[in-house]
Every structure is written in structure tokens, then in C-alpha cells.
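Here is a short briefing to read alongside the structure. Keep the view open as you go, and follow the topics in any order you like.

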Amino acid sequence: MSGIETPVETPSEVESETTPEIDPIQTIYEGQCESLSGRSTLTYEIGRHPDGTLHLRIVKNSGGGMFCDEWIEARLIDSIVRGATELTSRSFQALQPGRSVNGAGFAMAVLKALGLIRVNGENSRLHEHVPTETFEKVAMARTATEPATAAKTVAKSGRRKAKET
């Protein structure tokens, strides 16, 4: 023997390299809205974690601008929005610190489309929280009014629709 040892991988090391990480957040709704500029269409998802918490993420931008596609917890969104009367895209940068600045504006566009925020009546460059609304309320209202989304989730799973004869 030469005295040189070759490291041997344990089964758990091999599994972690070959097994893809499973996202615990399940998409319960997929929707689209215009960006704040109106120059692109954003595709977003609302998801539910096994612990029951709701989350939001941007998954596509027709305009090609960079963004972060990580989930944002509803609790964080509500903490920024609740009672605010002077929201700008900068207000939402805290949701994904250190990530693309586009993500803050895109999240703002989605929250506006969902009805959680609206244009401030005194200054159209600012947005404000819609009183009595929470992320959970607007998200659940959207999923309840558009049940066709469930079909989109099934279609994304890879199952094919049966051929019509």
C-alpha cells in the first residue's frame, strides 16, 4: 500500500448531490399583471408553505428585465404595507435585500394588481395601503374568484391532456 488515502463518499453525501431540493412552498395561484410602467407583463405566483403561511414570487417578465424569483413571505409584505401612505418601489427593496432592484418595483405592481395597495390620491407618484386589506385577504379573494388557476397548476406538473376523439 502506498499510504495515500482516497476519500470515500458516504451515501448521504451522494444523495445530497444528486437529489434536487424540493421546494416546500406549493403554488396555489398563478396570475399576470402589467408592470408599473406598463411596458411589460409580469407573471407571479402565490404559494402556501406547509406551515400555512402565504408567499409571493415573480416568475416571468415579458420585458426581459432581471429579477429575483425567490418567495417573499406575506408577513414581510404586510409589515411594509400596513398603514403606509407613501409607498414607492424603494419601500419594497427590504423584501429581497441585495437582490435586483427591479424585483421591488415588480412586487409593487403585483400588490397593486391584487388590490393591497393603490395610487395615493394626493400624489400619483406614491402608493398607499388599502385600509382593511392584508396580503392574505387579497390573495385568497383572487384564488377564490379565478378557479381556472388550479388547472394551470396541474398542467405545470407535466401531465398531458387526453386527446379528443
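**Overview**

The protein chain holds five helices and six strands. Please bear in mind that this is a predicted model. Starting at the N terminus, the elements follow the order α-β-β-β-β-α-α-β-β-α-α.

**The chain as a whole**

- Of the 165 residues in the protein chain, 33% count as buried.
- The protein chain has an accessible surface of about 11000 Å², and carbon and sulfur atoms account for 51% of that area.
- If you take the contacts between residues at least 6 apart in sequence, 44% of them join residues at least 24 apart.

**The open sheet**

- Four strands make up an open sheet, arranged in the order S1-S2-S3-S4 with antiparallel pairing.
- S1 and strand S4 (72-73) are the edge strands, and each of them pairs on one side only.
- Helix H4 packs on this sheet, where it touches S1, S2 and S3, and the direction of H4 makes about 60° with that of S3.
- Eight bridges pair S1 with S2 in the antiparallel sense, and one place to look is Gly31, whose bridge partner in S2 is Tyr44.
- S1 and S2 also form a hairpin with six residues between them, and in the turn you will find Gly38 with a positive phi of about 80°.

**The nonpolar core**

- The largest nonpolar core has 29 residues, and Tyr44, Ile77, Phe92, Leu111 and Phe135 are those with the most contacts inside it.
- Two or more residues of this core come from each of strand S1 (26-34), strand S2 (41-48), strand S3 (54-61), helix H2 (74-81), helix H3 (102-114) and helix H4 (135-145).
- H3 gives the most to this core, contributing eight residues.

**Tyr44 and its surroundings**

- Which residues does Tyr44 touch, not counting those up to four places away in sequence? Among them are Tyr29, Glu30, Gly31, Gln32 and Cys33, and the list also includes Leu56, Arg57, Ile58 and Val59.
- Tyr44 touches Val110, Leu114 and Arg142 as well.

**Aromatic pairs**

- How many aromatic pairs does the structure hold? There are two aromatic pairs.
- Why is the pair of Tyr29 and Tyr44 tilted? The ring centres of Tyr29 and Tyr44 lie 6.1 Å apart and the planes stand at 45°, so the pair counts as tilted.
- This pair links distant parts of the chain, with Tyr29 in strand S1 and Tyr44 in strand S2, 15 residues apart.
- Tyr29 and Tyr44 are both buried.
- Phe67 and Phe106 form an edge-to-face aromatic pair, with 6.2 Å from centre to centre and 65° between the planes.
- Phe67 has 23% relative accessibility and so counts as partly exposed, whereas Phe106, with a relative accessible area of 10%, is buried.

Conventions. Residues are numbered from 1 along each chain as its sequence is written. This is a predicted model: local features need pLDDT of at least 70, side-chain atom pairs count only at pLDDT 80 or more; totals for chains, interfaces and linings use all residues. Side-chain values use heavy atoms; hydrogens and water are left out. A nonpolar core is a set of buried Ala, Val, Leu, Ile, Met, Phe, Trp, Tyr and Cys residues joined through side-chain atoms within 4.5 Å. Buried means under 20% relative accessible area, exposed over 50%, partly exposed in between (1.4 Å probe, protein chains only). Contact means heavy atoms within 4.5 Å. Two strands pair if DSSP finds at least two bridges between them. Axes are lines fitted to C-alpha atoms, for helices over the stretch in contact, and angles run from 0 to 180 degrees between N-to-C directions. Accessible areas come from the Shrake-Rupley method with a 1.4 Å probe; for residues, only the protein chains shown count as cover. Rings of Phe, Tyr and Trp (its six-membered ring) pair if their centres lie within 6.5 Å; planes under 30 degrees apart count as stacked, over 60 as edge-to-face and the rest as tilted.
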